[in-house]
Every structure is written in structure tokens, then in C-alpha cells.
Amino acid sequence: MEQISLSFPASRIVSGKALAGVVGSGDMEVLFESTAGQTLEIAITTSVDNSQARWQALFERIRSLGQLPAGKMQIHDFGATPGVARIRIEQVFEEVNHA
């Protein structure tokens, strides 16, 4: 298991908490909690070693396409494809947009 920590500047404030996916489902789980800060702090636990560059690139892409909210995000990844990872991340962002 690999532990990865990432941090990105946030460009919007949201409220609430959100959960997408199920850790035992064979892909991944994403938990998000809004904060009043100016960063998105991400903690990733993954079963795929040496994947920091992949996660960094995924969040850079998401960031280039929209605004990241301020908060703390925990990701429990058990080999999800980048497409599934992006869907789960976007699901929690969508949920807190409507909180």
C-alpha cells in the first residue's frame, strides 16, 4: 500500500461532506469534507505502487477543467482506472455543490 499526499490551491468555497464509491467494491472510495481554507488537501491510500505521477496528472487535469473546492479529501483506491477515479472525484464535488 502506498500513501500519497497532494495539495492544490482552491478557487471556491463549498459546504458539507460527500462520499462516493464503496471501499470494498473493488474500485475506490472518495470522502470529501469542506473547510474554510484556501487549499484542497488530498490523502490517497492506493494498492498501486509508484502511482503518484498518475494521481498528480489526474488532479492537474481536473483542475484545468474547473475549479477545485477548499477541503480535505480522502481516497481509498484499490486499483481503479483513471476514468473511474475521475468519476468518483467529480461525484463528491457535484454533491457538495448542491449541499
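What follows is a chat about how to read some features of a predicted model.

Colleague: Before we start, what kind of model is this?

Modeller: It's a predicted model, where local features need pLDDT of at least 70, side-chain atom pairs count only at pLDDT 80 or more, and totals for chains, interfaces and linings use all residues. Residues are numbered from 1 along each chain as its sequence is written, and side-chain values use heavy atoms, with hydrogens and water left out.

Colleague: Let's take the helices. At what angle do helix 1 and helix 2 pack, and how far apart are their axes?

Modeller: The general idea first: two packed helices are described by the angle between their axes and the distance between the axes. Helices here are DSSP runs of H or I with at least four residues, strands are runs of E with at least two, and both are numbered from the N terminus. An axis is a line fitted to C-alpha atoms, for helices over the stretch in contact, and angles run from 0 to 180 degrees between N-to-C directions. In this model, helix 1 covers residues 52–65 and helix 2 covers residues 82–97; they pack at about 50°, with axes 11 Å apart. That makes helix 1 oblique to helix 2 (under 35 degrees would be roughly parallel, over 145 roughly antiparallel, 65 to 115 roughly perpendicular, and the rest is oblique).

Colleague: Is the crossing left-handed or right-handed?

Modeller: Helix 1 passes helix 2 in a right-handed crossing. The rule: if the near helix is turned clockwise from the far one by less than a right angle, the crossing is right-handed, and if anticlockwise, left-handed.

Colleague: Which residues meet there?

Modeller: Contact means heavy atoms within 4.5 Å. On the helix 1 side you'll find R54, W55, L58, F59, R61, I62 and L65, and they meet P82, A85, R86, I89 and F93 of helix 2. Sorted by class, this contact has 9 nonpolar, no polar and 3 charged residues. For the classes, Ala, Val, Leu, Ile, Met, Phe, Trp, Tyr, Cys and Pro count as nonpolar, Asp, Glu, Lys and Arg as charged, and the others, Gly among them, as polar.

Colleague: Next, rings. How many aromatic pairs does the structure hold?

Modeller: Rings of Phe, Tyr and Trp (its six-membered ring) pair if their centres lie within 6.5 Å; planes under 30 degrees apart are stacked, over 60 edge-to-face, and the rest tilted. The structure holds 3 aromatic pairs. Take F8 and F59: their ring centres are 5.9 Å apart and their planes sit at 25°, so the pair is stacked. F8 belongs to strand 1 (residues 2–9) and F59 to helix 1, so the pair ties together parts 51 residues apart in sequence.

Colleague: And are F8 and F59 buried or exposed?

Modeller: Buried means under 20% relative accessible area, exposed over 50%, and partly exposed in between, using a 1.4 Å probe and protein chains only. F8 is buried at 3%, and F59 is buried at 0%. Ring pairs also link F8, W55 and F59 into a cluster.

Colleague: What sort of pair do F32 and F93 form?

Modeller: An edge-to-face one, with 6.0 Å centre to centre and 90° between the planes. F32 is in strand 3 (residues 28–34) and F93 in helix 2, so this pair joins parts 61 residues apart in sequence. F32 is buried at 2%, and F93 counts as buried at 6%.

Colleague: Now contacts away from the local sequence. What does R88 touch?

Modeller: R88 sits in helix 2 and counts as buried at 18%. Leaving aside neighbours within four places in sequence, R88 is in contact with A20, G21, D27, M28 and V30. M28 lies in strand 3 and is buried at 0%. Beyond four places in sequence, the contacts of M28 include W55, V84, A85 and R88.
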